[in-house]
Structures are given as C-alpha cells and as structure tokens.
Amino acid sequence: MTLHLYRVLHQESIHYAVLKENSFYFVDPRNPAALVDAGRSAPVKDCSLLTPTHPSKIICVGLNYKDHALERNKPIPEEPLLFLKPPSALLAPNQTILLPPVSKRVDPEGELAVVIGETASKMNSPEDASKCILGYSCFNDVTARDLQDKDVQYTRAKGFDTFAAYGPCVAIGVDPADLGITTRVNGEIRQSSRTSQLIFSPTFLVWYVSHIMTLLPGDVISTGTPSGIAPVRSGDVIEIDIETVGVLRNTVR
C-alpha cells in the first residue's frame, strides 16, 4: 500500500501530514502510518505545501534515459553522470519558476526523485540501498539550456533560484521499476516515458553515490529526464506527473 507523506505549513508551524479527504492529518514522520485523530489536523485550504523534505544536497543524474542522450547528441554514459543543485534552488509545489534574464531558453525536465530516509555511506550493494530509501517524489530539473550548452559545468545552468521544483509528497511503498512519467506544459504532453527506461536504477544510484558522499535523511537524488525537452515561457503551467507518486505543478514567470 502506498502512503503519501506531505510537509505543510500551518499557522507558522511546519508539519508532516497525510491527506484524507479535504484535511491534512499531522503525523510523526518516523511512523507516518500510525492512526491520527481529527484534533491534529487542518483543512487543506488553511495549509501551504512545502517541499517534502529540506535536503542538505540535491544530486542529479544526467543522460540517464537513452532517448534523452540521443536527442542531446551525447554518448550513452558508462557510469552515472552526476551534478549538484544547491538547496537554495528548491521550489515548493504551486510556486513560481523565475526565468533568469541572462538565459534565452529555459526547459523543464520531469524526473523521478529518490528521497533518502536513513544515512547511507559506502553501501555494500545496490540491493542494500533500498533500506535507505524513504520513498519517491516528483522533481523538475529546470535548466537554462543555452547556458548549459555554453558552459563546461552545469552549475550555472541548473543552479538558479527556483530551478529545483520538488514535490508534492514522498510516496512511500512505491515500486519504482516501471512507473509512467509525463511532463505537461499548459496541458500539452512534452515528455512521456517509463522509469523502466532508466539506464541506472534508483537503488544502483543510491549505492553509487554513497561511495562518493554520505547521503543524509531528506537528501534527494533526481534520476534523470526522458526525451522531449522544449522551452517554456512566462505564464506557462508545468506539471510533472508520475504514476502512483503524484503531480508536481508550478507556474513560470
């Protein structure tokens, strides 16, 4: 059974919560499935969605779908291509992606995010990595494509404030092996694939990254985007829709 764990702001306090009908019920994130009572709840309309966790680091994986590597005219990587986004780039659901004046082309990239639940360092095998995964979420690896093509490193192109949209929840108990992943702009499908097309699986990525840096609870590994990249403009509405996980929605300005 899948459990969807949210992080919300209510009356200037931050809570982890599960959604039931039109209310968020506040829960202990260490045991989110425990029964809660109505006295520890609030109507959805009185709460603001936050990013599901506040990661110490956001690790992204480039060219992890073969079709995306081909559309970028890049070779299929033999090992994961990693880069970092700063936590200052984080953006909650329903908030606005800001287009930087220095860029003439900004693209959304819909991705499955792995959310770390336990400290992971130098894992013995990819199979062991699953015990360190809390769940999965939606991620938009917003990219200034013209700057990415210009720069050697990805930091500037992918590190602007608001360029790491993440949410709306952590889906716990999901099998990530073959989930549909779709990116829509103003209701039109831009990207459509399945996570079965990933070159490197989520558990492999956790194992691999754990041999480079210690992963902490709340950290995010965003697993890469499929083909179909295209620019967005001010006023557009972007939706990252991942089967069983949820829909991440943000506007552009």
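Predicted model: local features only at pLDDT ≥ 70, side-chain atom pairs only at ≥ 80, totals over all residues.

Q: Why is Lys 85 called buried?
A: Buried means under 20% relative accessible area, exposed over 50%, and partly exposed in between, with a 1.4 Å probe and protein chains only. Lys 85 has a relative accessible area of 3%, so the residue is classed as buried.

Q: What does Lys 85 contact, leaving aside its neighbours within four places in sequence?
A: Contact means heavy atoms within 4.5 Å. On that basis Lys 85 is in contact with Ile 58, Cys 60, Phe 139, Asp 141, Val 142, Lys 158, Phe 163 and Ala 164. Lys 85 itself belongs to strand β7 (residues 81-85), where a strand is a DSSP run of E with at least two residues, a helix is a run of H or I with at least four, and both are numbered from the N terminus.

Q: What makes β14 largely enclosed by the rest of the structure?
A: Of the 9 residues of β14, 9 are buried, so the strand is largely enclosed.

Q: How do you know which strands pair with β14?
A: Two strands pair if DSSP finds at least two bridges between them. β1 meets this with 3 antiparallel bridges to β14, β8 (residues 90-91) with 2 parallel bridges, and β12 with 5 antiparallel bridges. Opposite Ala 171 in β14 stands His 4. Ala 165 in β14 has Leu 91 opposite and also Asn 140 opposite.

Q: Why are β9 and β16 called edge strands of the open sheet?
A: The open sheet has 5 strands in the order β9-β19-β18-β15-β16, with mixed pairing. β9 (96-97) and β16 (188-194) each have a single partner strand, so one side of each is left without a neighbour in the sheet.

Q: Which face of β19 is covered and which is uncovered?
A: Gly 246, Leu 248, Asn 250 and Val 252 make up the covered face, and Val 247, Arg 249 and Thr 251 the uncovered one. In a regular strand the side chains alternate between the two faces of the sheet.

Q: What makes a set of residues a nonpolar core?
A: A nonpolar core is a set of buried Ala, Val, Leu, Ile, Met, Phe, Trp, Tyr and Cys residues joined through side-chain atoms within 4.5 Å. The largest such set here has 41 residues, and those with the most contacts inside it include Tyr 136, Val 206 and Leu 215. Elements that each supply at least two residues of this core include β12 (133-141), α5 (202-210) and β18 (237-242). Apart from this core lies another, of 18 residues, among them Leu 5, Tyr 25, Leu 90 and Tyr 166.

Q: Why are some spaces called pockets and another a cavity?
A: On a 1 Å grid over the protein atoms alone, a cavity is a set of points where a 1.4 Å probe fits but cannot get out, and a pocket is an open set with protein on both sides within 12 Å along at least five of seven lines; lining residues have an atom within 4 Å of a point. Grid points are joined across faces, edges and corners, and a volume is the space filled by probe spheres set on the points. The largest pocket holds about 210 Å³, and the structure has 1 cavity of 30 Å³ or more, with a volume of about 110 Å³.

Q: How do the linings of the largest pocket and the largest cavity divide by class?
A: Ala, Val, Leu, Ile, Met, Phe, Trp, Tyr, Cys and Pro count as nonpolar, Asp, Glu, Lys and Arg as charged, and the others, Gly among them, as polar. The pocket lining has 10 nonpolar, 2 polar and 1 charged residues, whereas the cavity lining has 4 nonpolar, 5 polar and 7 charged.

How values were computed:
Residues numbered from 1 in each chain as written. Heavy atoms only, no water.
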